[in-house]
Amino acid sequence: MSAISEPALQVPAKTKSSGYWATVGRRLLRDKLSVLCAVILLTILLAALFAPWLGLADPYQGSMIRRLRPIGTPNYLLGTDELGRDMLARLVYGGRLSLLTGILPVFLAFIAGTTLGLIAGYAGGKLNTIIMRTVDVFFAFPSVLLAIAISGALGAGILNSVVSLTIVFIPQITRVAESVTTGVRNRDFVEAARASGADTLTIMRVHMLGNVLGPIFVYATGLISVSMILASGLSFLGLGTKPPEPEWGLMLNTLRTAIYANPVVAALPGVMIFAVSICFNLLSDGLRSAMDIRN
Amino acid sequence: MTDAAPLAPLEDLGGEAQALLTVRGLTKHFPVRGDLFSPRKTVHAVDDVSFEVIKGETVGIVGESGCGKSTTARLLMHLMDYNSGDIIYDGMKIGRELSLRDLRRAMQMVFQDSYASLNPRLTIEDSIAFGPKVHGMAAAEAQTLARDLLGKVGLRPETFANRYPHEISGGQRQRVNIARALALSPRLVILDEAVSALDKSVEAQVLNLLVNLKREFGLTYIFISHDLNVVRYISDRVLVMYLGQVVELGPIDSVWGEPAHPYTRALLAAMPTSDPDNRTQTAPITGDPPNPIDPPKACRFHTRCPFVEQVCSTVAPKLSNIGTDGHQAACHMATAGSGHSRAPQQDATA
């Protein structure tokens, strides 16, 4: 035992460094913009979740005499829509379905696409060809068309539109995951891990995932807004949400007739979609730079 | 010692007399995809390479880039499959008597790029402890072992253990890589250009560290480099490679003192000297190495050799003994009765 490493022995072996993810969390908290976005998203999410307990007006109760009231009308803080329903209530309740159809398909596709991309990128060779060429088939169709086709085949309904959107996003995420994985896979530290006798799963878990997830995650969060728009498109065609139901995309569609009568109120659902997607984008950007601990 | 007992090294089976590593006829061809109308081609990366590594020695492998040095290293580590040949570790054929998993314990490798060979998202302590954990060591124990090894490679564990690779210098990173290789208690360490990317002063420190570690742990090294001075300093024997083949091998003094192959001579002549009275006199060999997709027939060096004769492009020279000390060269000029006008019985000097 050389003298130089003697003090190390006094440190109990258990005291591990705070760990990679703790470091990332600390760095993320220091980024004000990310924190702001997280707060906005959390507010929208919690409001949607606890909507019935917020003392809001009935989002389904319309009235012919108070249609399209402007923003700031007493009792109707954000005005009313084309059927005289309270916009604030509809926006808050609308968040429930919009966030569901925005986040859930991307989340599911993120899991499936990352898995496929990791396998294709790490295995290479024939398996890569099989997975990636299959994925290429899906790229032949525009995503809207693909979503409509799958949704139409499965039948109308929110669950089916979630399934169809998931299928639309899997190829895109797989593509990104594969290219990132291929890049990381050829680095020497993966070779070194193989040389130490680790099996493929251990290498994937310890050495690949942490280096691959960041870019895929950023890409996936960018898809959330696309997912919300596509979902509203499906609703418009009668394949997703049905009209009385509040949903941002659907509201945008039904309010478009009122765009000249009351443009500000008509734009509100769009503002919500915009706010949520930009917050997701900025947050994922912040997360990516927090994960890149080199700076 | 501490309570973190390192993994027990594999047992010495054959004793001193048995070579630690025997390589016979190692061949690796990479297929290159041809286009629609031309057939598939192959890159002859390593072609029929044979050598032995004796226990406790350092074997240097030299040659210009693209000659198959690094491919040889990866083949020895079984990081890629080889087309044919045998790799025998201490009398055990790998894949038969010795499992691949045990081979990982027996042989480790240090890569050239000290940064790329460490996971940027793991602390250096975790990087070192990864191997032992894979081989079943408890996490806490592996951690202590990692700190022990950091001390052995000259890095204070309390300062460095929790740092990330980007936070330390190139020389320090290469020390970490060495510690990582030693964590599995290997008997053979392959150093693939391990000091080439370092500053001269740092390079000297790391070389000295390697020499000390070799003594302390009873290691055997395969030292791959293009730096002839470094190879001379550290090696007992040397292997000169050209286009995937061994052209000359033998004890370092013998090869450096009396190089028999014109390629070795050219390599040594191209070595810059720092002695103004002993300037480089001979002209360096010209041209680039030929394309390994379609290497020259017979002697692969004949396209660049100043002594080329008819026989060189028709008959492939075999490694033949030059002295009694194991010095061998694959050159018709060194083989008696080869038909080359400079072959030993006529004119041995050039």
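**Architecture of chains A and B in the predicted model**

In chain A, residues 24 or more positions apart account for 70% of the contacts with a separation of 6 or more, two residues being in contact if their C-beta atoms, placed from the backbone, lie within 7 Å. The structure is a predicted model, in which local features need pLDDT of at least 70 and side-chain atom pairs count only at pLDDT 80 or more, while totals for chains, interfaces and linings use all residues. Residues are numbered from 1 along each chain as its sequence is written, and chains are lettered from A and ligands numbered from 1 in the order in which they are written.

The secondary structure of chain A consists of ten helices and zero strands, where helices (H or I, at least four residues) and strands (E, at least two) are DSSP runs numbered from the N terminus. The C-alpha trace of chain A spans about 90 × 50 × 30 Å along its principal axes. Of its 295 residues, 41% count as buried; a residue is buried if 20 or more other C-beta atoms lie within 10 Å of its own, exposed if 12 or fewer, and partly exposed in between, with C-beta atoms placed from the backbone.

Within chain A, helix α3 (residues 87-123) packs against helix α6 (residues 158-185) at an angle of about 35 degrees, and the two axes are 5 Å apart. Axes are lines fitted to C-alpha atoms, for helices over the stretch in contact, and angles run from 0 to 180 degrees between N-to-C directions. The crossing of α3(A) and α6(A) is right-handed; a crossing is left-handed if the near helix is turned anticlockwise from the far one by less than a right angle, and right-handed if clockwise. The contact of α3(A) with α6(A) involves 20 nonpolar, ten polar and two charged residues. In this classification Ala, Val, Leu, Ile, Met, Phe, Trp, Tyr, Cys and Pro count as nonpolar, Asp, Glu, Lys and Arg as charged, and the others, Gly among them, as polar.

Chain B comprises ten helices and twelve strands. Along the principal axes, the C-alpha trace of chain B spans about 65 × 55 × 50 Å. Of the 350 residues of chain B, 48% count as buried. Among contacts in chain B between residues at least 6 apart in sequence, 65% join residues at least 24 apart.

Eight strands of chain B form an open sheet of mixed pairing, in the order β6-β7-β8-β3-β9-β10-β12-β11; two strands pair if DSSP finds at least two bridges between them. The edge strands are β6 (107-110) and β11 (320-321) of chain B, each of which pairs on one side only. Strands β9(B) and β10(B) run antiparallel and are joined by six bridges, with B:P251 in β10(B) as the bridge partner of B:R237. The hairpin of β9(B) and β10(B) has two residues between the strands, and B:L243 takes a positive phi near 50 degrees in it. Strand β10 (residues 245-251) of chain B is also joined, by two bridges, to the antiparallel strand β12 (residues 328-329) of chain B, where B:E248 stands opposite B:A329. Six of the seven residues of β10(B) are buried.

A further open sheet is formed by four strands of chain B in the order β2-β1-β4-β5, with antiparallel pairing. Strands β2 (41-53) and β5 of chain B each have a single partner strand, so one side of each is left without a neighbour in the sheet. Five bridges connect strand β1 (residues 21-32) of chain B with β4(B) in the antiparallel sense, and B:R24 stands opposite B:D86 in β4(B). Helix α1(B) packs on this sheet, touching β1, β2 and β4 of chain B, and its direction makes about 70 degrees with that of β2(B). Helix α1 (residues 69-76) of chain B also lies across β3 (58-62), β6, β7 (188-192), β8 (220-224) and β9 (237-242) of chain B, running at about 150 degrees to β7(B).

Positive phi values also occur in loops of chain B. B:D90, which is not a glycine, has a positive phi of about 50 degrees and lies in the loop between β4 (84-89) and β5 (92-93) of chain B. B:D90 is buried, with 21 other C-beta atoms within 10 Å. For B:A298, phi is near 55 degrees, a positive value in a residue other than glycine. B:A298 lies in the loop between α10 (262-269) and β11 of chain B and counts as partly exposed, with 14 C-beta neighbours inside 10 Å.
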